[in-house]
Amino acid sequence: MASSSASDQAKQGLSWMEWLQGWSNVIYEIFFQRIEARHLKSPLPLPPLNDLCCIVTGATSGIGLEIARQLAESGANVVMAVRNPTAAHSLIQTWQNQTSRKDSLKIDVMELNLLSLESVVRFSETWNSLGKPLNVLINNAGIFSIGEPQKFSNDGYETHMQVNHLAPALLSLLLLPSLKRGAPSRIINVNSVMHFVSTVDPNDMNFVSGKRKFSSLEGYSSSKLAQVMFSNVLHKRLPTESGISIICVGPGCAQTNVARDLPKIVQVGYRLIPLILFNAEEASRSALFAATDPEIPKYCAQLRWDEWPACAYISYSCRPVNPSNESLRMDVSSLVWEKTLDMIGLSGDCLDMLLEGKEIQCRYLCFFTNPCTPKFLCTCAPVNFQLFDHGSAGTANIRFWMTT
Ligand SMILES: NC(=O)c1ccc[n+]([C@@H]2O[C@H](COP(=O)([O-])OP(=O)(O)OC[C@H]3O[C@@H](n4cnc5c(N)ncnc54)[C@H](OP(=O)(O)O)[C@@H]3O)[C@@H](O)[C@H]2O)c1
């Protein structure tokens, strides 16, 4: 258990010096990212990825769309995990028509709405029940509702925290059995330099205590910092034998739909600065690099042996960098880990249980059961799916399937 003194140390905000350092990181990234990344080609050349199985969340727009398209174009089996399957199907149609490959792209769609933890559980159950190995999970989907008032999901959580941190954390944990089956495998979290300008209060991740004034900027940057802290603990707690690497990436500052909520006048200015900002293809490079570079698992293992308090963080220039000093506070990170598990409805021992293929419970929707266990505790609606088996779409009764 993390100590209560760590809880006391959880800061309500950065000191002015930390604040200044954080914002100088953000400003440096905006103005110098092109120079720092000038050695990279766009699109990033990828090796043949035949047989690599990847899930990309938020693949209907911006960076995620580019990640999914380029992985599929290089031969990977890609699942677009999206909240708008119709949009995803129409993208696939376009890509199939445009592809330079001789064979068709191996790309499919599964519905996932990160604003619903139930949807995350259903998605994971459906995927795990297929018994397929998963090599790469890319947690890309995210929101930045700039200037909007505080909103809460139906699960009761602040929406930035839920979409950017809690739901991806639940997805990553519930997919561990498939990632273990696909080892060596990787979980990649598309993070942001904005995590440098915030703190996380593990006792108030929902911003309801009134100790900190909520703003969309605070909500977004705090959710991204929580994601780094959670990833650091996951990296530390996953045994090396699991063969699963955890990587956070900074995509750089890019022109995407992430600014859809900006006031119209600001959006005009935003569109006028393409010379500084990346396009989505350029911003997809760090995630694609983290997903495919053969040295990444060795680098992650090295960090573990060196007892470095963080997982790998790959910058927009595809170089390893340090995350913020705040994210390196293991005492607070442990509290964020515990609080996150509590909020997503998992018990403290879920990591070991999932890796060992044991039965676990999640507060959201279902009991999970090992296929060897005859009792079937899950009572979910059927889900339509059609994965890498073109022509034989089906309906699966969902159940959670874990093998050791
Ligand atoms: N653009 C930047 O400058 C920048 C900088 C740093 C970090 N990032 C991070 O990069 C990631 C991708 O952002 P982007 O710039 O590509 O933005 P984007 O164009 O707005 O794409 C975001 C994607 O997330 C999906 N999404 C949003 N809410 C969702 C939900 N509840 N459930 C499932 N999917 C959901 C969106 O789906 P729909 O298409 O259905 O809306 C969309 O596909 C985010 O994590 C963002 O924080 C971006």
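Leaving aside neighbours within four places in sequence, which residues is glycine 250 in contact with? They are Asn191, Ser192, Val193, Ser286, Ser315 and Tyr316, where contact puts the C-beta atoms, placed from the backbone, within 7 Å. This is a predicted model: local features need pLDDT of at least 70, side-chain atom pairs count only at pLDDT 80 or more, and totals for chains, interfaces and linings use all residues. Residues are numbered from 1 along each chain as its sequence is written.

**Glycine 250**
- The loop between β6 (244–249) and α9 (264–271) holds glycine 250; helices (H or I, at least four residues) and strands (E, at least two) are DSSP runs, numbered from the N terminus.
- Glycine 250 is buried because 26 other C-beta atoms lie within 10 Å (buried: 20 or more; exposed: 12 or fewer; partly exposed: in between; C-beta atoms placed from the backbone).
- Arginine 285 is 35 residues from glycine 250 in sequence and 9.6 Å from it in space, C-alpha to C-alpha.

**Ligand shell**
- The ligand is surrounded by 26 residues, and the closest are Gly58, Gly62, Gly142, Thr256 and Asn257 (C-beta atom, placed from the backbone, within 6 Å).
- With three residues, helix α3 (residues 62–73) gives the most to this shell.

**Helices α6 and α8**
- Helix α6 (residues 159–174) packs against helix α8 (residues 216–237) at about 15 degrees, with the axes 7 Å apart (axes are lines fitted to C-alpha atoms over the stretch in contact; angles run from 0 to 180 degrees between N-to-C directions).
- The two helices are therefore roughly parallel (angles under 35 degrees).
- Residues making the contact include His160 and Met161 of α6 and Gly219 and Tyr220 of α8.

Methods: Two residues are in contact if their C-beta atoms, placed from the backbone, lie within 7 Å. Angles under 35 degrees count as roughly parallel, over 145 as roughly antiparallel, 65 to 115 as roughly perpendicular and the rest as oblique.
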